[in-house]
Amino acid sequence: MAANMYRVGDYVYFENSSSNPYLVRRIEELNKTANGNVEAKVVCLFRRRDISSSLNSLADSNAREFEEDSKQPGVSDQQRHQLKHRELFLSRQFESLPATHIRGKCSVTLLNETDILSQYLEKEDCFFYSLVFDPMQKTLLADQGEIRVGCKYQAEIPDRLAEGESDNRNQQKMEMKVWDPDNPLTDRQIDQFLVVARAVGTFARALDCSSSIRQPSLHMSAAAASRDITLFHAMDTLQRNGYDLAKAMSTLVPQGGPVLCRDEMEEWSASEAMLFEEALEKYGKDFNDIRQDFLPWKSLASIVQFYYMWKTTDRYIQQKRLKAAEADSKLKQVYIPTYTKPNPNQIISVGSKPGMNGAGFQKGLTCESCHTTQSAQWYAWGPPNMQCRLCASCWIYWKKYGGLKTPTQLEGAARGTTEPHSRGHLSRPEAQSLSPYTTSANRAKLLAKNRQTFLLQTTKLTRLARRMCRDLLQPRRAARRPYAPINANAIKAECSIRLPKAAKTPLKIHPLVRLPLATIVKDLVAQAPLKPKTPRGTKTPINRNQLTQNRGLGGIMVKRAYETMAGVPFSANGRPLASGIRSSSQPAVKRQKLNPADAPNPVVFVATKDTRALRKALTHLEMRRAARRPNLPLKVKPPLMAVRPAVPLPPSSHPASTNEPIVLED
């Protein structure tokens, strides 16, 4: 009963998706809607998977500093990986969620210097936070103030003077006396002088136009003149005049008129006070944020002084009573029964009724996290085409902590298996969709299904900036280095400056002569004659001459063919044609177009000694030209290729010929 009772201030799990991890939220209010349902106003807490990679790097550096300062004991790589799942980031973002989506309680504490990080792994449903995440500004800031320790912040206490020793320091530089309790005036005389000062302040407010508008009645002016600022001014006047009442009274009313003393309560307008109350409702006593977002024209000292004066007014007392009455009318707690409905991601066994993700699942797959093969219940995890699954315990860990128990390649962990291909060339959605234990044999098939076409559409200002600011943009250099960042804002700003001064003459456009469609179709038919598709599982002959042929207008980008070097023929990938390749006398046919779902493994071209020698023989200009147009054949002069004498090929029973097709067995 107590486990299912949720109160204001509890940290709870919310489920917004059956496949995604739980949301960690703190209950601020429990409100009953018009239709009888209960909604929870909650504070959002974010995980590492919810923030960008740059902020993750900042969180890593903050964690390293904390470990060094607090002298944490060493932890293993797996423990460090799991500690990242226990770290949360507090925010000031509020949202309303149905209370029926609550899935349990958890504990979130502020990380202290005395805490040991490994203890959080020993407790279930236990999290910590040390940084505050701003979803709007995309920033991470410390949640607690810095403890200033050291000689820069501590007072230096001088040695105690001996008896009879005089203090030779200049007392006027050390301090200033503002009141002498041993003055010749009595308490009655001081009180009478303070009454005179209040009367002068009331008269001064009657003469001031702005004050008469703010305090239109005599009672309001008298109340404003009785504030502490008037009394402080009166006592300071007595001190400066040597406690002479006659001189002090003449100082209160100089030749120009009575002195008017106003504090922050009178300086602030009604609209500014309303803004302050609204900011205080949103941020609390965070005066820096109040000044930054609501009152930037006020100083921080003015806001702090107004806050403590505002707490003495009737307005503060009324708001406090209203909040107390509103809190009494709201729900204090709510009972949510345990959620028992089956998850749609459950993999139904063979003997039971097939579910959403159970049909068509391969047998013999292991858990993606702990690699176990036995579990009472399995859950589908990741994209459906990958057919990854988690065991029951790892699924609960994924839902609560938002990660897998073991580190994966996506988190930068090194695995013991030898996998030559990395994921650096993949986009973030593709890399996240791939399982860390997917073999290279199935990777091409998965990528073929996950690729999506995207279009980058530029604005008119961007197209103008490319031509107006070619000296800053350097488009040829940027095209060769697409990974280098470009300051687009600076280029657009410079373009807006140069644009009014630019000449109004139209730009020269070089027309491109295109062949008619009939000619292109004839060339395509001549280069790639149609032939019925070869049934799957049969031998598919591939003509090596057809691979090396330049299709030009056909638009098919094939690998560049090298010329014959020193009498040794080269294939399309630059490797000498060796003997022992099976040949056939079948006629050359068009290569069958493969289905993306049946895509083969990625083809890797391994450079040989002859290929590397060929590259060295090319000039820098030829290398650049070949890189820009890989579909064109590369012509190399024979004298340049004479790097080493040609080695005759050993005799073979199967003669190598480029005129006959090569048969590849599926």
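This tour visits a few cysteines and then a charged surface patch.

The model is predicted: local features need pLDDT of at least 70, side-chain atom pairs count only at pLDDT 80 or more, and totals for chains, interfaces and linings use all residues. Residues are numbered from 1 along each chain as its sequence is written, and side-chain values use heavy atoms, with hydrogens and water left out.

**Cysteines**

Select cysteine 126. Its closest cysteine sulfur is in cysteine 106, 9.1 Å away, so the pair is too far apart for a bond. Cysteine 126 is buried, at 8% relative accessibility. Buried means under 20% relative accessible area, exposed over 50%, and partly exposed in between (1.4 Å probe, protein chains only).

Next, select cysteine 469. The closest cysteine sulfur belongs to cysteine 495, at 4.9 Å, again too far for a bond. Cysteine 469 is buried too, at 0% relative accessibility. A disulfide here is a pair of cysteine sulfur atoms within 2.5 Å. By this rule the count is zero disulfides.

**Positive patch**

Now select Arg467, Arg470, Arg476, Arg477, Arg480, Arg481, Arg625, Arg628 and Arg629. They gather on the surface as a patch of positive charge. Patch residues have over 30% relative accessible area and no salt bridge, with like charges joined within 9 Å. A salt bridge puts a side-chain nitrogen of Lys or Arg within 4 Å of a carboxyl oxygen of Asp or Glu.

Color helices H20 (475–480) and H25 (620–628). Each supplies at least two residues of the patch. Helices are DSSP runs (H or I, at least four residues), numbered from the N terminus. H20 gives the most, with three residues.

Finish on arginine 477, in helix H20. Arginine 477 is partly exposed, with a relative accessible area of 45%.

Key: Patch = residues over 30% accessible without salt bridge, like charges linked within 9 Å, V, L, I, M, F, W, Y side chains within 5 Å. Areas by Shrake-Rupley, 256 points an atom, 1.4 Å probe, with all protein chains shown as cover. Lys, Arg positive; Asp, Glu negative; His and termini not counted. Charge placed at Lys NZ, Arg CZ, Asp CG, Glu CD.
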